[in-house]
Amino acid sequence: MYEPEEPTSGRRAAHVVAWLSAREEVENALREPLGGLPSQQDETASRMAGVLQATALGLGPDAAAIWAGVPDRVLHGWLEKDSVFAAAVKSAGELAAAHGPHLHGKVTAAQLRVMLIAISRGETWLVAARLAGISTHRYRKLWAASPAMVALVNAARSVRPRKSKHLAAPARRRLWPASADRKSYRLVRLDDPQAPPDTPRAD
């Protein structure tokens with residue numbers, strides 16, 4: 001029986017979403033030759049670098065947290081406690097303000113990336129668009145004008161975690177849930193605590 005070939009846009013969209021979803025798998029594969037789990041310090045540095053990249057592309061803190069794969073409460077904690085990181089984020093924001101394509105009011109590829117990640121993790125398109133800084137009007141306009149946009153969103157929806165049918169629906173659902181409410185965990189190798197400068201060293 002002949003089955004029509006899947007449209008090219010659909011195949012490309014599925015490939016893109018799979019690539020966005022494969023970050024953990026790729027990082028784990030790269031760590032295998034180095035002994036498995038990353039150190040806590042290496043993991044933090046990697047996530048901070050992701051935040052800086054996202055900020056330099058014109059994304060706000062909520063979107064940068066999604067891009068880097070960290071809860072927003074963790075990001076805000078870094079900004080409050082690490083002055084060097086906070087200064088770097090500020091500089092990245094200034095770079096984006098001076099050179100970023102978002103100055104023209106257009107939706108950027110970085111925003112679409114964040115939106116697709118959020119949708120693939122279970123958010124509605126409305127919440128995902130807002131997290132990415134895309135207005136409802138611009139989202140609907142893109143949806144109506146671009147089959148590629150439709151294919152990407154549908155591909156992101158197809159990989160969302162399935163909700164259990166046995167759980168009762170909440171009586172009231174927030175339109176924009178806080179990222180801090182959604183807990184995520186990563187396995188890391190704890191760094192050895194550094195001894196204070198005045199602590200005598202063991203011979």
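Biologist: Let's start with helix 3 and helix 6. How close do their axes come, and at what angle do they cross?
Modeller: This is a predicted model, and in it the axes of helix 3 (residues 40–56) and helix 6 (residues 83–99) come within 7 Å. They cross at roughly 25 degrees.

Biologist: Would you call that pair parallel or perpendicular?
Modeller: Angles under 35 degrees count as roughly parallel, so helix 3 and helix 6 are roughly parallel to each other.

Biologist: And is the crossing left-handed or right-handed?
Modeller: Helix 3 passes helix 6 in a right-handed crossing.

Biologist: Which residues make the contact?
Modeller: Helix 3 brings Met48, Val51, Leu52, Thr55 and Ala56. From helix 6 come Phe85, Ala88, Val89, Ala92, Gly93, Leu95 and Ala96.

Biologist: How do those divide into nonpolar, polar and charged?
Modeller: The contact of helix 3 with helix 6 has 10 nonpolar residues, two polar ones and no charged ones.

Biologist: Let me pick one of them, alanine 92 in helix 6. Is alanine 92 buried or exposed?
Modeller: Buried means under 20% relative accessible area, and alanine 92 is at 9%, so alanine 92 counts as buried.

Biologist: What does alanine 92 touch?
Modeller: Leaving out residues up to four places away in sequence, alanine 92 touches Leu52, Thr55 and Ala56. As for C-alpha distances, alanine 92 and glycine 58 are 8.5 Å apart in space and 34 residues apart in sequence.

Biologist: Okay, next pair. How do helix 4 and helix 5 pack?
Modeller: Helix 4 (residues 61–68) and helix 5 (residues 72–81) pack at an angle of about 110 degrees, and their axes are 9 Å apart. The range from 65 to 115 degrees counts as roughly perpendicular, so that is how helix 4 and helix 5 stand to each other.

Biologist: Who's in that contact?
Modeller: Pro61, Asp62 and Ala65 of helix 4 meet Asp72, Leu75 and His76 of helix 5. By class, the residues of this contact are three nonpolar, one polar and two charged.

Biologist: Staying with helix 5, which of its residues are buried?
Modeller: Asp72, Leu75, Gly77 and Trp78 are buried there. What covers them includes helix 3, helix 4 and helix 6.

Biologist: Something else now: where does proline 161 sit?
Modeller: Proline 161 is in the segment after helix 10 (147–158). Proline 161 is exposed, with a relative accessible area of 54%.

Biologist: What does proline 161 touch, then?
Modeller: Not counting residues up to four places away in sequence, proline 161 touches Ser120, Arg121 and Gly122. Between the C-alpha atoms of proline 161 and serine 120 there are 7.7 Å, although the two are 41 residues apart along the chain.

Biologist: Zooming out, how many helices and strands are there in the chain?
Modeller: The chain has 10 helices and zero strands. Buried residues make up 30% of its 203 residues. Of the contacts between residues at least 6 apart in sequence, 65% join residues at least 24 apart.

Biologist: Last one: what's the mean pLDDT?
Modeller: The mean pLDDT of the chain is 79, with 73% of the residues at 70 or more. Over residues 1–5 the pLDDT is below 50, and that stretch has one contact beyond near neighbours in sequence. Residues 195–203 are also below 50, with zero such contacts. Where pLDDT is low, the predicted coordinates should not be read in detail.

How values were computed:
Residues numbered from 1 in each chain as written. Predicted model: local features only at pLDDT ≥ 70, side-chain atom pairs only at ≥ 80, totals over all residues. Heavy atoms only, no water. pLDDT = per-residue confidence, 0-100. Contact = heavy atoms within 4.5 Å. Axes fitted to C-alpha atoms, helices over the stretch in contact; angles between N-to-C directions. Helix = DSSP H or I, 4+ residues; strand = E, 2+ residues; numbered from the N terminus. Parallel < 35°, antiparallel > 145°, perpendicular 65-115°, else oblique. Left-handed = near helix turned anticlockwise from the far one by under 90°. Nonpolar A, V, L, I, M, F, W, Y, C, P; charged D, E, K, R; others polar. Buried < 20%, exposed > 50% of the residue type's maximum accessible area, 1.4 Å probe, protein only.
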